Amino acid sequence: MNFAKFFELAKAKGIEESQLSFSKSNALSISLFRHEIENFSVNDSQSVIAAGVINGKFGSCRTEKLDKDTFPFLIDNILLAARLNEKEEVADIFPGSQKYHKKNVYNPKLAAVPANEKLALIQDIEKAIYAADKRVCDVEVGYSERESESGFYNSFGLKLKQKSNYFYIMAEVVMREGEATKTNYDMFLDSDLEAFDKDAFVKRVVEGAAKKFGADSIASKKYPTVIDRDVMADLIDYFLSSAIADEVQRHSSMLEGKLEQKIASSKLTIEEKPLTKNVFFSYFDGEGVATQNKVIVKNGVLKQYFYNRETAKKDNVESTGNGSWGGGKIGTSYGNIFVKPGKVSFDELIADIEDGVYITEVMGLGTGMNSTSGDFSCQAEGFRIVNGKVAEPLTLITLSGNLLKMLKDLKGFDSNAKMTLGSISIANARIKSMNIGGK
Amino acid sequence: MISKALALEVLNAALATGGDYAEIYVEETTPESFMLENGKVESVGSPQGYGCGLRILNGLRSVYGYTSDLSKKSLLALAEKLSASYEGERKITVEKIGNGRYKKHSFVETHLRDVPAEEKIDYLREISQIISGVDPRIVRVQTGLTCAVKNIDLFVAEGPEATHFHNIEERSRLFMIAIAAGAEGFETYFNGPGTTAGWEFFTKTLDYKKLAKETGEKAVMMLTAKECPSGRYTVVIKNGWGGVLFHEACGHPLEASSTSKGLSVFSDSIGKPIASPCVSAWDDGTIENEWGTSDIDSEGVPTQKNELIRDGICVGFMVDRFSARRMDGIKANGTSRRQSYRYCPTSRMSNTYIAAGKDDPEDIIKDTPLGIYVANFGGGSVNPTTGEFNFSASEAYIIRDGKICEPVKGCTLIGTGQEVLMQIDRVGNDLALGQGNCGAASGSVPVNVGQPTIRLKEITVGGRGGKLE
């Protein structure tokens, strides 16, 4: 589409400043169930989000319908939204940053691999999972790949473009032993197929399910607790969402007024590095602001909130390049989070725990977490730790506590950092003690 | 959106390699949303969705694809790409497309889009003021109204004559969120009534003033609530949204997408007792103007009232066309749903509830010497294979000597679907429904959950307040 035409039309309708972002993606996904291709899907989609400012009021609109009526539709809805907008702050459109750190993260080799080779790969994985343990009764294995292109344009002449791709492989295994059924899920994400280690993946997912047999509950009390990196990533995500300036300014963040204060154990250091060359790389945000790497928490001290242009203006600081679109307005988001790992192995991390709990999965955190106070309570499973070793499996227990208290009680991480699908790289964590509910 | 002639061409291209079923789902959705923050308009949105999903089945295989480019070239390319995954001879040539019939279950008097934006904003502002006025400790109020009108064209081919369905779904929902702050921290309370009726629901049917007041009051009350005890206790669950427990723990495992594959704890349960004899349950997509109601499902099958449990015995599942292929003698029953053209449809719940029993809800509480009363849930999740679930209460109280006493926070119920259904020992006569959005494989779909007041003899309660005394 000729986006220059949009800016002309917008100006003619009295929209002084405007911007437009375009995104296009295509995806492939294949999944197997009981040796058959259960799902095979190919998708492509496109959408445009446009925004403009009239009389200092902001309006925006999104559409997936791209035809000759698209620009007039967008403009009419921008005008309507701006007319009804009651925000007191005077809005404007960002002209552009001085410097952008563009990198090429697109891997052309991934798209060049034919679909039937990707199918063969997951067929191999399925076979290996069935062969790994006699108790495996069902396996679901899937391959998904996405390629996306985005562009950002504004009425000041700014033009930014980015192209990226990634794939992920997921497997869910169901095992039966007598009356007991256990499931386990694992996934691998990258943009380079050669980075995938099939044998290690199969071993991890199968052993994960096998270890759960014989699980029981445990007496309710406080235990020294080790939290698996995947669970820890979810918890840190809640913590980080409290560092969004908008939440702070609206008085609904547990981190309000805590800048430069010690809010966690000195073992906690968190950085946001959007310019890392990986599948989550991005060099401009939803407002066209250049992104930057930055420290959020250093040795337990809160150093930085996440800002978009509007919230930055309120605090009289610069945007940190964290603006993003959501629900018809500019919100705030983050990605490529790196939580500094420790130096010890997992065995060393738990070596001195006589009677503790290792949490490997939590369920219901979405509703069990009060994200303003940080209080949480959720269903969990994992293992007991007895005399420094992982012992019998635990099920139907609850993990509860307060997020900030938990981070203050953080004793450290092991060295096994992993990047999650939610773009948080984190290792397994040891907490002094947490409330475990059971029998 | 696409002509019958083009649909015919696409269906035939899709079936060229031996597919025995093809379906085109074309959708144009024009939603509008108004969000107010502390009584001021924060955003007005009108994101337009547009695209087409194409599915081809061949025995127990399924391929699905979508595109937001509805040109002939794009649709034929999609059909070709998808059909290339089968390597057989054509079994079906579609010669014509007839019109599908169905009964309407939702009736709109005044479409939300015909109500001036200012009037809707004033309504939200009034609600916001009621909530803020409850108590100075309410520091933040969010109110919102969303309405989505989905224009659907569905073409289904299983033989030489395909069927075309045209359907318009209009759904609207009101959101009110109160955040209270005190020395104890923050508490959030939410209410979100929804409907497939029109503006008249919000202005006439719904007592929005009462609901707004209650939203504010509950947020403030929870500020000083003590931590919920943990252990195994008798739990009484209030009618209405309390049905989310049944939805998660029993509804999901009764979806054919898991039962047909043997992946559900209830896979082989037809004719067997799965609940206590006082429990009967239904999934009914036809309840007039309800949030989870539709006229037809995503495969063109008319919605119906499906019996799931009768007096504790499992009698039915929610079945979509694809899952039905794995199930001998069982037909699709109008429960195949999807969020949008981006999702391949599968069996899902609509308005799912435990039927009313005989007990007076007051008696149920009176007969409980010590336990927990859960008045509202935040939500929950379940693993359909193992049946393990969890729910967190957003409003709960201690029951002492048959009376509802002090509020408690941080209450989580955990257990398995099999266990909880058997633990129900009292069922009230006060069936009510509550609205939510259910997320699963085919996306987020609007659902009603529902139940009368029920009592669970004993269930695991998670909380930070130690033992209940």
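In the hairpin formed by strand 3 and strand 4 of chain B, two residues lie between the strands, and Gly59(B) takes a positive phi near 60°. Strands here are DSSP runs of E with at least two residues, helices are runs of H or I with at least four, and both are numbered from the N terminus. The model is a predicted one, in which local features need pLDDT of at least 70 and side-chain atom pairs count only at pLDDT 80 or more, while totals for chains, interfaces and linings use all residues. Residues are numbered from 1 along each chain as its sequence is written, and chains are lettered from A and ligands numbered from 1 in the order in which they are written.

Asn58(B) has Arg61(B) of strand 4 as its bridge partner. Strand 4 of chain B is mostly covered, with six of its seven residues buried. Here a residue is buried if 20 or more other C-beta atoms lie within 10 Å of its own, exposed if 12 or fewer do, and partly exposed in between, with C-beta atoms placed from the backbone.

Strand 4 of chain B also reaches across to the other chain: six bridges link it to strand 2 of chain A, and these two strands run parallel. Phe40(A) stands opposite Val63(B), and Asp44(A) has Thr67(B) as its bridge partner. The contact takes 52 residues from chain A and 57 residues from chain B, where contact requires C-beta atoms, placed from the backbone, within 7 Å. On the chain A side, strand 2 gives the largest share, eleven residues. Other elements that give two or more residues to this side include helix 2 (70-84) and strand 16 (389-402) of chain A. By class, the chain A side has twelve nonpolar, 28 polar and twelve charged residues; Ala, Val, Leu, Ile, Met, Phe, Trp, Tyr, Cys and Pro count as nonpolar, Asp, Glu, Lys and Arg as charged, and the others, Gly among them, as polar.

Chain B itself is divided into domain 1 (4-224) and domain 2 (226-462), with bounds from an automatic or database domain assignment. Their C-alpha centres lie 22 Å apart, and the contact between them takes 39 residues from domain 1 and 27 residues from domain 2. Strand 3 (49-58) and strand 4 (61-67) of chain B are among the elements that each supply at least two residues of the domain 1 side. That side divides into 16 nonpolar, 14 polar and nine charged residues.

What about the interior? The largest nonpolar core has 188 residues, and Leu11(B), Ala14(B), Ala157(B), Val235(B) and Ile372(B) have the most contacts inside it. A nonpolar core is a set of buried Ala, Val, Leu, Ile, Met, Phe, Trp, Tyr and Cys residues joined through C-beta atoms within 7 Å. Strand 5 (residues 159-177) of chain A gives the largest share of this core, eight residues. A second, separate core has 59 residues, including Ala81(A) and Val44(B). Beyond its neighbours within four places in sequence, Ala14(B) is in contact with residues including Leu54(B) and Ile56(B).

Elsewhere in chain B, an open sheet of six strands with mixed pairing has the order 14-13-12-17-24-23.

Conventions:
Two residues are in contact if their C-beta atoms, placed from the backbone, lie within 7 Å. Two strands pair if DSSP finds at least two bridges between them.
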